[in-house]
Amino acid sequence: MAADKSADGVLTVGIDLGTSRSAISTSTGERIVADSFVGWPADLVARKVLKREVLVGKEALEHRTMLDLRRPLERGLIKEGSDKDVQAVRELIGHLLQLVTKKSGKELSSVRAVVGVPAAAMRTNKQHLREVLKGLFDKLIIVSEPFAVAYGLDALVHTMVIDIGAGTTDFCVMKGRYPTDEDQRSLTIAGDSIDAHLQKLVREKHPEADFTVFMVREWKEKWAFVGDSVEPVVVTVAVGGVPTKIDITAEMKTACEAIAPPIVETMLDLLAGVEPEFQERVRRNVILAGGGSLIRNLGPKIQCALEKIGGGKVTVEEDPTFVGSDGCLAIAKDAPDADWEKLGR
Amino acid sequence: MRKSDPLKARLLREAVEDNVATISGLLPKPLRRGRRLFALWGPRAAALLLFVMLVGGLRLVPGIGAAVAQPGAVRQGPGTQGAPVAVSGDAASATFSRPQRLTLSALALGVRRVVVDAGHGGTSLGTSGARGLHEKDVTADIAERLRKRLTAEGITVLMTRGGDETVSLQDRSDMANKGHGDLFVSIHVNALKPKDSRGVETYYLGASSTPAIDALAADENRDSGYSLADMRTLVDMIYMDARKDESRRLAESVQRALLRDLRRVNPAIEDRGVKTAPFVVLVGTRMPAILAEVSCLSNDDEAELLSGSGYRQSIADALFDGVHAYLREGTPSGRKETVHGS
């Protein structure tokens with residue numbers, strides 16, 4: 001491993017810029033995650049109450065009624081067409097950097113970063129991101145998120161990473177080379193689509209219930225499952241202003257299970273593109289990462305689908321929150337100075 | 001990294017090379033390796049092409065292929081001298097041509113042919129206003145007015161429908177592709193809830209971002225014959241396509257023009273933004289393509305305006321201005337554009 005450069009004032013960071021949450025891991029050992037929300041006080045009154053120019057993450061969510069709230073990333077990429085969203089991304093990353101530098105308590109002379117983006121991000125998307133992040137880092141490398149995960153886990157040959165985020169589900173088959181378009185896929189079926197589906201199902205069954213998509217997201221994060229439920233999913237909503245408990249077990253199951261078929265379909269499709277002699281090895285090395293991997297029984301369900309083509313093994317990554325940023329950090333730390341120098345400022 | 005780990009060292013080098021190429025504005029690696037790839041795949045591709053042509057030829061013969069084409073059924077905009085566009089007859093069995101990956105250099109070619117698509121028609125009424133005005137009639141009228149403006153500027157126009165006829169969504173995109181259209185402009189009129197909602201919005205291809213857009217796309221894609229799985233695959237393919245950037249730029253230009261021009265006659269008009277959605281006509285077309293919802297028939301004020309020819313002419317003029325501005329701005333260069341927020 002390369003020497004830790006924090007001592008000479010150079011901070012090395014890995015960032016998983018996520019649609020729902022963004023995580024940062026640093027060479028000084030800090031790891032921080034924040035909700036990818038940024039808000040500006042909506043008016044003078046809000047500014048006076050909040051006494052802040054901008055709020056980021058959980059704070060922004062908590063005070064959302066007083067804010068012009070932005071979720072600047074869409075499907076893992078910066079939303080196109082809005083200066084405010086561009087500004088929000090800068091605020092979000094600036095906030096993460098501020099938190100880690102504050103925690104490390106060191107003066108920094110420069111920051112080197114590796115940022116993960118969805119597998120299907122186009123070169124123009126990466127150029128746009130590079131433009132947007134200009135000035136925040138001294139050097140920047142942008143890599144495919146599932147590649148970063150694979151790199152961090154040392155799973156570089158004959159493995160498949162399925163990274164289920166909020167905006168995208170990214171697939172990458174590692175063949176011992178930097179992944180090309182043929183090795184990767186992105187689906188827009190991911191955590192957000194579960195939220196939207198669940199919200200619709202609950203709304204249909206309980207038209208009188210009052211709840212928001214933020215509540216739906218919390219329910220999903222707490223109780224998401226496929227297959228058999230271990231406990232009934234009972235949540236509290238407002239009905240005519242009165243807190244009321246409703247059972248959403250069936251709706252949760254339906255919404256979560258809806259993402260399995262496209263994930264399985266894409267996985268099998270990518271597997272079919274692997275050289276026949278290596279297919280079995282890849283099947284036995286499927287890694288499930290990202291927040292979506294926390295859906296109970298999803299790993300076994302995907303593994304079941306592999307039975308039909310000779311069997312395989314799906315491993316659910318234990319630390320989905322930081323697996324992406326840790327992978328990016330591993331790349332950042334391993335990259336030799338000469339490579340960083342090639343990137344200019 | 002262990003010094004003895006040459007695999008990681010190579011991967012890092014490749015990752016950095018990819019970044020350097022991005023900074024330099026180079027095309028992705030597979031596209032730059034044209035020669036080597038051609039040497040490897042050229043003969044196989046030629047054989048595949050021959051096979052596709054043979055199968056395609058068979059499919060044009062009624063009774064043999066699934067798609068029953070009508071030889072000689074040719075449609076082009078009245079008064080235009082554009083290339084004939086074959087119209088297949090059986091909408092449900094029409095062959096859907098998978099979109100091809102485009103390169104920026106291909107997009108830089110001059111625009112000579114604009115496909116104007118009047119939404120709905122025939123048995124597909126589209127949305128209807130309180131006074132019995134149908135979307136299909138409004139879009140046909142605006143399309144014809146736009147055709148006149150474009151032809152006057154020397155641009156060849158291909159119309160996906162000439163009169164009040166039912167044309168499937170697949171046929172519309174097939175026509176555009178077979179007619180070698182350079183741009184595709186689909187004209188629609190919106191229906192929104194609540195009823196006081198109004199304004200203009202312009203779409204280009206991408207996944208939808210809200211349930212409301214999902215519903216709109218489902219509405220516009222009705223009877224397309226494609227399953228959700230088909231749409232997912234196709235959208236994923238297109239989403240990586242260089243055409244997306246150009247479609248976005250065209251959408252931004254048209255949205256700007258619609259707002260600017262229509263505000264003069266409809267001061268309360270709202271900017272509903274440039275958005276993405278998986279409309280079938282946008283998936284199937286191989287050129288930069290947009291779908292403009294030019295006003296709201298569900299809004300009483302805008303329905304009133306749409307019933308007058310003056311407002312419809314203003315819309316046609318605005319669409320023309322948008323296309324014209326897009327063409328004037330020139331070829332793609334990866335520059336940043338300002339757009340209307342959605």
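Modeller: H5(A) lies across strand E1 (10–16), E9 and E10 of chain A, and runs at about 95 degrees to E10(A). Helices (H or I, at least four residues) and strands (E, at least two) are DSSP runs numbered from the N terminus. This is a predicted model, in which local features need pLDDT of at least 70 and side-chain atom pairs count only at pLDDT 80 or more, while totals for chains, interfaces and linings use all residues. Residues are numbered from 1 along each chain as its sequence is written, and chains are lettered from A and ligands numbered from 1 in the order in which they are written.

Colleague: In which order do the strands of the sheet with E9 and E10 of chain A stand?

Modeller: Strands of a sheet pair through backbone hydrogen bonds, either parallel or antiparallel. Here the order is E3-E2-E1-E9-E10 in an open sheet of five strands with mixed pairing; two strands pair if DSSP finds at least two bridges between them. Strand E3 (31–35) and strand E10 (139–144) of chain A are the edge strands, each pairing on one side only. From one strand to the next the twist averages 20 degrees. Strand E9 (residues 110–117) of chain A pairs with E10(A) in the parallel sense over six bridges, and Arg112(A) stands opposite Lys139(A) in E10(A).

Colleague: How is the packing of H5(A) with H12(A) described?

Modeller: Two packed helices are described by the angle between their axes and the distance between the axes. The axes of helix H5 (residues 145–152) and helix H12 (residues 323–334) of chain A come within 7 Å and cross at roughly 75 degrees. Axes are lines fitted to C-alpha atoms, for helices over the stretch in contact, and angles run from 0 to 180 degrees between N-to-C directions. H5(A) and H12(A) are therefore roughly perpendicular (65 to 115 degrees).

Colleague: Which residues of H5(A) meet H12(A)?

Modeller: Glu145(A), Ala148(A), Val149(A), Tyr151(A) and Gly152(A) do so, and their partners in H12(A) include Cys328(A) and Ile331(A). Two residues are in contact if their C-beta atoms, placed from the backbone, lie within 7 Å.

Colleague: Is Cys328(A) buried or exposed?

Modeller: Cys328(A), in helix H12 of chain A, is buried, with 33 other C-beta atoms within 10 Å. A residue is buried if 20 or more other C-beta atoms, placed from the backbone, lie within 10 Å of its own, exposed if 12 or fewer, and partly exposed in between. Leaving aside neighbours within four places in sequence, Cys328(A) has contacts that include Gly14(A), Val115(A) and Ala148(A). The C-alpha atoms of Cys328(A) and Ile142(A) are separated by 8.9 Å, although these residues are 186 apart along the chain.

Colleague: How many residues of E16(A) are buried?

Modeller: The count is zero among its six residues, and E16(A) is hardly covered. The strand belongs to an open sheet of three strands, ordered E14-E15-E16 in chain A, with antiparallel pairing. Strand E14 (209–210) and strand E16 (242–247) of chain A stand at the edges with a single partner strand each, so one side of each has no neighbour in the sheet. Six bridges join strand E15 (residues 234–239) of chain A to E16(A). Val239(A) stands opposite Val242(A) in E16(A). E15(A) and E16(A) form a hairpin with two residues between them, and Gly240(A) in the turn has a positive phi of about 60 degrees.

Technical notes
Angles under 35 degrees count as roughly parallel, over 145 as roughly antiparallel, 65 to 115 as roughly perpendicular and the rest as oblique.
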